[in-house]
Amino acid sequence: MTVDRLRLEQERDQALRDLLDLERQVGDGELPADVADGLRQTYERTAATALAVLAAPTPDGEGATSVTDRSSGRGRWAAYGLAVAVALFAAVVLLPVYLGERPTGGTVTGNEALGSVAPGTGQDAAPRDLSTVTNEEMEDVVAQNPDVLDMRLALAHRYLDDGDYLAAARHYLVALDREPRNVEAQSHYGWLLMQAGEPDQAIEYVDRALAQDPRAVEALWFKANIALYGLSDPAGALTVLEQLQQRTDIEPGTRSQVETLIAEARAQGGNG
């Protein structure tokens, strides 16, 4: 690892820690909103710049993601194949229809946080479809209900899907600060690090999630993709994928995606 890369990683990590501490200070009433907004913009610029440089190709055309990836000559962990595989898997198994489908982080669910009473009616409203809720609306609800982790994680997942890694990272880190052993936050923050070109750190977070729940489908899927596309380890990916293939509790569409990735892992030199 070069000195410049180490410095950028330190700048990124410090800016993310500063953002996390800033959220705590605002929540505790230690900082007024106008002061916090200025600091937040500064920290976000620093983190965004570092993330962009770390994920960018180097001048000689090599990817800046990992030593194993550079030596393989595959360039940025076969980004196209990875994006397609993950998008298909997400469409089949990961997208919730209602906010209330995610595990709650407390006594209040995402739908309750959004407001379970229809305006002006005094009656309970049906759960809201996630697609009808704007990011801004979710941000407001998260700010008003900082301990409701399912809403925060739903928003972080949305930012991650949109490629807004900085906004996603901010919410994942807050969730992990409040609940360090949260499997969903651990695994998805690991996936974010993979997207940002840090497969070695990514696998650490996903492994932490699997240590809590070895059967977590999302975490296993992330681990397989990180191994295959980030660490150039088709054999390791195949081990995880075959574990998923043997499961009897996954849907046919999910199984189809697993089998597709198994074929890719074998084509890249995995055993089996």
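This report covers salt bridges and the residues around them in a predicted model.

Local features need pLDDT of at least 70, side-chain atom pairs count only at pLDDT 80 or more, and totals for chains, interfaces and linings use all residues. Residues are numbered from 1 along each chain as its sequence is written, and side-chain values use heavy atoms, with hydrogens and water left out.

The whole structure holds 6 salt bridges (a side-chain nitrogen of Lys or Arg within 4 Å of a carboxyl oxygen of Asp or Glu). Among them are these:

| Pair | N to O distance |
|---|---|
| Glu-139 and Arg-170 | 3.5 Å |
| Glu-242 and Arg-266 | 3.3 Å |
| Arg-247 and Asp-249 | 2.8 Å |

Glu-139 sits in helix α6 (residues 135-144) and Arg-170 in helix α8 (residues 165-178), 31 residues apart. Helices are DSSP runs of H or I, at least four residues, numbered from the N terminus. Both Glu-139 and Arg-170 are buried (under 20% relative accessible area; exposed is over 50%, partly exposed in between; 1.4 Å probe, protein chains only).

Glu-242 in helix α12 and Arg-266 in helix α13 are 24 residues apart. Glu-242 is partly exposed at 27% relative accessibility. Arg-266 is partly exposed at 39%. The C-alpha atoms of Arg-266 and Leu-238 are 7.4 Å apart.

Arg-247 lies in the loop between α12 (234-245) and α13. Arg-247 is buried, at 7%, whereas Asp-249 is partly exposed, at 45%. A network of salt bridges links Arg-215, Arg-247 and Asp-249. The Arg-247 side chain also reaches the backbone oxygen of Arg-215 at 3.1 Å.

Note on methods. Helix = DSSP H or I, 4+ residues; strand = E, 2+ residues; numbered from the N terminus. Polar contact = N/O pair within 3.5 Å; in protein donor to acceptor, adjacent residues only side chain to side chain.
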